[in-house]
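Please work through the following exercises with the sequence and the structure at hand.

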Amino acid sequence: MAHAYSIQDPQGQYFITCTVHQWVDIFTRKLYIDILLDSLRFCQQKKGLKIHAWVIMSNHIHLIVSSEVENLSNIIRDFKKFTSKQIFEAIKSNPKESRKNWLLWLFTKDEQICFWQAGYHGKEILTQSFFENKLDYIHLNPVRAGFIEKEEEYMYSSCSDYYGTRKGLLELELT
């Protein structure tokens, strides 16, 4: 199935958005965020993923990423497939998940896990000004959502690394 956005240059730098199926607010629980972060770290260490900027919102993630080692499309595909299964299993086995039955029903289609929306929004970054525009977009996302007042306060973002206020949760390739 073709999608409006795709990776043309497998070693280019891309702004990518991955959205949870039905825009469900799932990343309100640390347990599920930790699965994302661990998977991103694995992709960095084992697949050559370079993360230039990131933010985890309640129902989607934004990344500026590249790879000189493995095809970026393959990394994103594997990341989404792995995190789908891991988060689904975490929901299933979480005794504190108040929405468990609803989430399991919602994320199942034809006996398959359907956690992420199909495809992902990916735009190649070809200029410094476009990079800076997307970097601001990523870092201001939690402010626009009303989560915080100052972008550098948001824990699940690369903003603190860029501002130098604290070490973030993921290793970055600062541009």
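Two exercises with worked solutions follow.

The model is predicted: local features need pLDDT of at least 70, side-chain atom pairs count only at pLDDT 80 or more, and totals for chains, interfaces and linings use all residues. Residues are numbered from 1 along each chain as its sequence is written, and side-chain values use heavy atoms, without hydrogens and water.

**Exercise 1.** Describe the surroundings of H62.

Step 1. Classify its accessibility: H62 counts as buried because its relative accessibility is 3%, where buried means under 20% relative accessible area with a 1.4 Å probe and protein chains only.

Step 2. List the polar contacts (pairs of N or O atoms within 3.5 Å, one able to donate a hydrogen and the other to accept it; residues adjacent in sequence count only if both atoms are side-chain atoms). The H62 side chain has one with the side chain of H60 at 3.2 Å, and another with that of N141 at 3.0 Å.

**Exercise 2.** Which elements each supply at least two residues of the lining of the largest pocket?

Step 1. The elements are α2 (72-93) and β5 (112-113).

Step 2. The largest share, six residues, comes from α2.

Note on methods. Helix = DSSP H or I, 4+ residues; strand = E, 2+ residues; numbered from the N terminus. Buried < 20%, exposed > 50% of the residue type's maximum accessible area, 1.4 Å probe, protein only. Contact = heavy atoms within 4.5 Å. Lists of a residue's contacts leave out its neighbours within four places in sequence.
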